[in-house]
Amino acid sequence: MTERSIPSRATRRLRLPRALRPFRSVQYRWLTTALACSLCSVGIWLVASVWQVIQLGGTASDLSLVAFGSALGLTLSVLIGGVVADRVPQRKILLVVEAVRGLGFAVAAVLALTGVVQIWQLALIGLVLGLADGFFYPAYSAWLPALVAPDELLAANGVEGMLRPTVMQGLGPVVASLVIAAWSPGAAFALVAVLQVGTATALWVMKTTAVRRDLDPDIHPLRSAVIDVREGFGYMVRTRWLLATLLFATVLVLIVIGPIEVLLPFAVKDRTGGGPGAFAFTLAAFGVGGAAGSLVAASIRLPRRYLTLMILAWGVGSLPLAVIGLTTVLGVMAAVCFVVGFIHSAAQVIWGTLLQRRVPPALLGRVSSLDFFVSLALMPISMALAGPFGDAVGITPAFLIAGVGSAVLAVVTLWIAKLGPDELAHPLDDLPAAAPAPVPLTDK
């Protein structure tokens, strides 16, 4: 073979599939490892906590209480989480978050394995986990653009979108159901606590990157934090596409999250006669569909009508949920979960890339936190209402409202917001390919 016939390094870089290009960065590989371990922990916790409630004789209303604790914690902390993400190196934030989550899982394991666990304790642990999550998401979103090139953000968000359903809704629930069937929910809690060690290790070996903004040392930190929150809200209100999407997401979450998080396990148990394995199967279908949707979205060019497509995908893509309230066949439920997971995850990849491309870096942590705060503001209410609503009127009306209401909401949002001119004036897939810029590093 001649020297000319040997592919150059640049050629090999170009031949790498679009969806895999972020993995050229060692930092990104470690971050993805940490994310995978963290998501697996969440997936195991979701199934184990549900079946712990059921084993304690809990109803849908009791499960609503546990889910409400987690949602409330996230809502309470996410705003300050965004402020911190724009002021403190994000690696340090993630390390603290994963340590707190590991401690919470360990406490749940001790309570369950000693036979003294109660539903209110699970709700309290869920509250702590939600508080930690409120710091995790803004820090992760603000850190990612510092680790990969701008033209690789879509692929990186696609990888996250693929890992989240595959690991959190697929692998985690499967592992949880196997451990619960062999031992108990308490054993699954213990496994999650051990898994957190892998998350912390991956973050520990990474380098700390400097915060991508300049802070005024003459302003008191408390006053500066208030100014930060005000600036984030001001940007959201001034930016039509951001405000319209977040308001749409707020109502969508109210309609959809409660039935999915609270009523789905009871739909599986009461309508199909399934147990933990059957519930894990439906979550795995969500996961496989989400992974496929994220991979497809990460492998193609962003659509020109990205705002319209994204909102329709979230709204009209929720319409199949109505079928869950009508069927008694587990396979049909799983198929619905696959379709909804596929469409929602593809839209989420577009949304993450949209934020990281169009929001100024110095505001990204705060805007990411506002994304979670505003869009999830009604999630605790959805969680709290879903159980009593399902107990009072049944599962079928709840899922019919979730499916049909979401589709109508998407159409009304696009009609009122008129986002077409904005998305055409600001295409997302026109950035030139570029290698990651050198990122300032700080001492660990």
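User: How are helices H11 and H16 oriented to each other, roughly parallel or antiparallel?

Analyst: Two packed helices are described by the angle between their axes and by the distance between those axes. In this predicted model, where local features need pLDDT of at least 70, side-chain atom pairs count only at pLDDT 80 or more, while totals for chains, interfaces and linings use all residues. Residues are numbered from 1 along each chain as its sequence is written, and side-chain values use heavy atoms, with hydrogens and water left out. Helices are DSSP runs of H or I with at least four residues, numbered from the N terminus, and axes are lines fitted to C-alpha atoms over the stretch in contact, with angles running from 0 to 180 degrees between N-to-C directions. Helix H11 (residues 306-316) and helix H16 (residues 395-417) pack at about 155°, their axes being 7 Å apart. H11 and H16 are therefore roughly antiparallel, a term used for angles over 145 degrees.

User: Which residues of H11 and H16 make the contact?

Analyst: Contact means heavy atoms within 4.5 Å. On H11 the residues are Thr308, Ile311, Leu312, Gly315 and Val316, and on H16 they are Ser406, Ala407, Ala410, Thr413 and Leu414.

User: Is valine 408 buried, exposed or partly exposed, and what is its relative accessible area?

Analyst: Buried means under 20% relative accessible area, exposed means over 50%, and partly exposed lies in between, using a 1.4 Å probe and protein chains only. Valine 408, which is placed in helix H16, is partly exposed at 48%.

User: What is isoleucine 324 in contact with, leaving aside its neighbours within four places in sequence?

Analyst: Isoleucine 324, with those neighbours left aside, is in contact with Leu264, Ala267, Arg271, Met333, Val336, Cys337 and Phe399.

Definitions and conventions:
Helices (H or I, at least four residues) and strands (E, at least two) are DSSP runs, numbered from the N terminus. Angles under 35 degrees count as roughly parallel, over 145 as roughly antiparallel, 65 to 115 as roughly perpendicular and the rest as oblique.
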